[in-house]
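Here's a quick tour of a protein model for anyone new to reading structures.

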Amino acid sequence: MVGSQASMSPKRSACWVALAPLLCSCALALQGGMLFPRESPSREVKALDGLWRFRADFSENRLQGFEQQWYRQPLREVRAPRGVPESGPTLDMPVPSSFNDITQEARLRNFIGWVWYEREAILPQRWTQDMDMRVVLRINSAHYYAVVWVNGIHVVEHEGGHLPFEADISKLVQSGPLTTCRVTIAINNTLTPHTLPPGSIIYKADTSMYPKGYFVQDINFDFFNYAGLHRSVVLYTTPTTYIDDITVTTNVEQDIGLVDYWISVKGNEHFQLEVRLLDEDGKVVAQETGDQGQLRVPGANLWWPYLMHDHPAYLYSLEARMTTAGPVSDFYTLPVGIRTVAVTESKFLINGKPFYFHGVNKHEDSDIRGKGFDWPLLMKDFNLLYWLGANSFRTSHYPYSEEVLQLCDRYGIVVIDECPGVGIVLPQSLGNESLRHHLEVMEELVRRDKNHPAVVMWSVANEPSSALKPAGYYFKTLITHTKTLDPTRPVTFVTNTKYDADLGAPYVDVICVNSYFSWYHDYGHLEVIQPQLKSQFENWYKTHKKPVIQSEYGAEAIAGFHEDPPLMFSEEYQKALLENYHSVFDQKRKEYMVGELIWNFADFMTNQTPMRVIGNKKGIFTRQRHPKNVAFILRERYWRIANETRHHHSVPRTQCLGTRPFTF
């Protein structure tokens, strides 16, 4: 049976009632900007990566940490009261990483509930003594619900596992002689029908079959629910009057690039703003004053996708300098790519030219680290994308790290930016509470990623159930709201339903379709792929008259398994399945098909089920990034398409990531 969600919900547990006066509820509307922390003449950044103290709350109700107020003292000093069993040991835990695969404890790998992280940070003396300086704590990702204390004082909480949140902690670190601060973060990875992604806690009440109090987390998505501090935690500073947010949109009139900007300043109503746009050589090409305006760049170098132009991914630098009547000033530099995006009835246009997505779907997933951010892995993935001839990917099925998008800007990899709206199959997940949270997540996503030229489209959901009655209203509201947040980018909705289902298709700009012919049905019958795929495309286009992307397709292959004639799970079957799909793609991309994204770039971890052999094996690379045979087939195809659709001369297949001036 499905138990009461109140007992395991990250927000609706008994401790939330008891601690209501202490803990603040989430804001109903976003307050302020979320600029990526960058060092500048007025700003400093201190990363808190490394080993944190870590403790999982294994108590029966998972609330011992709150009941004993673990945040009031260092975790290593926490002791249970006499007669109360200890809830678990205090461990060293690397950040960033998922906690699940770090230890040898099976109960921690599959743990559901509250875990506690703690780290003491030594602050520079000027941070604690300069009253004209703000000190901000920023958590780039905590999955799923997080509550944060500094020196035992509650400062912020956040719902959602893939987007950043922060708190001004100046008063806490500038109030005495201390030069250290203790950061405590409690994280709950429980998923309920109202979280994003949703899930359910299922209690097994039969004590003849299960231990007392036994429960499991039920999910309806096919990747492992990794948890923890997946990205960096940082401290950064700004002046007390500071640049809070920058919004940039771009356009092109003949050969003149147009950069419209809006800048928000907080802390003082009296300030001056100087804005300059610099090219890659550091030359000023346009400048303006004021908190909004337009920068005009004659003969602008446009931002082009990889393999679409001789000089892809050209980035300017927008330098904003804020000054006040006093000594306070603030500097922030934002990379800017000048490009346009448009959609017609049958084309996707970048800078007025037809663009064809030949790319991949990915996951933030790797051995040991789980979803933890890792620079070497990230650079390996981008080198593989270049080798493959891929020009795009979808952030399936959640927002990826900001560093990923910065590299996409730098290297010309086009992004369909997707929110965590995956696994929406329960009626409760389409009510007002879920819709409110889904809208908030889209607001956070657009706020964070709005200035990335690589991001060309928003995706609001992946494969929700079409059988749920409220779905039409839910997704119409969601798509319409996203278009008001950002009118400059198209919006999509990834579906695997019938072409006439009343979900998001009537309201999106591009149709994205997932299908697995001869895999999840008609097992092993490769001969059905082409007729079924042709019918899919023709029905979708006939009904909606919008460009179509094959947003997922593929088959599992266990590296080293070989069968002829091809059998499922062999590398030969994966190859044969793709070749059947590609035959139809080559017909339809001459008409209204504008992209193909293989599922998946690399093998990835999932829950344990009889269908999965240590994870999903649909990758064209193994989880360790070794190529399967099909990677070479796809490489041959992608380079051929690139040379067919390129607007300049062809490119040899020796591309690798070069060195270009860039600042994170």
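Let's start with the cysteines: the structure holds zero disulfides, a disulfide being a pair of cysteine sulfur atoms within 2.5 Å. Keep in mind that this is a predicted model, where local features need pLDDT of at least 70, side-chain atom pairs count only at pLDDT 80 or more, and totals for chains, interfaces and linings use all residues. Residues are numbered from 1 along each chain as its sequence is written, and side-chain values use heavy atoms, with hydrogens and water left out.

**Cysteines**

- A disulfide is a covalent bond between the sulfur atoms of two cysteines.
- Cys-419 is in no disulfide, and the nearest cysteine sulfur, which belongs to Cys-512, is 13 Å away.
- Cys-419 has 1% relative accessibility, so it counts as buried (buried means under 20% relative accessible area, exposed over 50%, and partly exposed in between, with a 1.4 Å probe and protein chains only).
- Cys-181 is buried too, with a relative accessible area of 1%.

- Helix H6 covers residues 375-388 and helix H12 covers residues 629-645; they pack at an angle of about 60°, with their axes 8 Å apart.
- A note on names: helices (H or I, at least four residues) and strands (E, at least two) are DSSP runs, numbered from the N terminus.
- Axes are lines fitted to C-alpha atoms, for helices over the stretch in contact, and angles run from 0 to 180 degrees between N-to-C directions.
- H6 and H12 are therefore oblique to each other (under 35 degrees counts as roughly parallel, over 145 as roughly antiparallel, 65 to 115 as roughly perpendicular, and the rest as oblique).
- On the H6 side, Tyr-386, Trp-387 and Leu-388 meet Ala-631, Phe-632, Leu-634, Arg-635, Tyr-638 and Trp-639 of H12, where contact means heavy atoms within 4.5 Å.
- What kinds of residues make up the contact of H6 with H12? They divide into eight nonpolar, no polar and one charged (Ala, Val, Leu, Ile, Met, Phe, Trp, Tyr, Cys and Pro count as nonpolar, Asp, Glu, Lys and Arg as charged, and the others, Gly among them, as polar).

**Aromatic rings**

- A search of the whole structure turns up 40 aromatic pairs (rings of Phe, Tyr and Trp, using its six-membered ring, pair if their centres lie within 6.5 Å; planes under 30 degrees apart count as stacked, over 60 as edge-to-face and the rest as tilted).
- Tyr-203 and Phe-215 have ring centres 5.7 Å apart and planes at 50°, so this pair is tilted.
- That pair links distant parts of the chain, since Tyr-203 sits in strand S11 (residues 199-203) and Phe-215 in strand S12 (residues 215-219), twelve residues apart.
- Tyr-203 counts as buried at 18% relative accessibility, and Phe-215 does at 16%.
- Phe-537 and Phe-585 make an edge-to-face pair, 6.2 Å centre to centre with 70° between the planes.
- Here too the pair links distant parts of the chain: Phe-537 is in helix H10 (residues 529-544) and Phe-585 in helix H11 (residues 571-588), 48 residues apart.
- Both Phe-537 and Phe-585 are buried.
- One aromatic cluster is formed by Phe-66, Trp-70, Tyr-71, Trp-114, Trp-116 and Trp-149.

- His-582 lies in helix H11 and is buried, with a relative accessible area of 6%.
- Which residues does His-582 contact, leaving aside its neighbours within four places in sequence? They are Tyr-553, Glu-596, Leu-634 and Arg-637.
- His-582 and Arg-637 are 55 residues apart in sequence, and 8.8 Å apart in space, C-alpha to C-alpha.
- Ser-170 is in helix H5 (residues 170-173) and is buried at a relative accessible area of 8%.
- Not counting residues up to four places away in sequence, Ser-170 touches Met-133, Arg-134 and Val-135.

- Most residues other than glycine have a negative phi, and most peptide bonds are trans.
- His-143 and Tyr-144 are joined by a cis peptide bond, with omega about 15°; Tyr-144 is in the loop between strand S6 (142-143) and strand S7 (145-150).
- The bond from Trp-599 to Asn-600 is cis, with omega near 15°, and Asn-600 is in the loop between strand S32 (593-598) and H12.
- Ile-368 is not a glycine, yet has a positive phi of about 70°; this residue is exposed, at 55% relative accessibility.
- Ile-614 has a positive phi near 50°, is found in the loop between S32 and H12, and counts as exposed at 69% relative accessibility.
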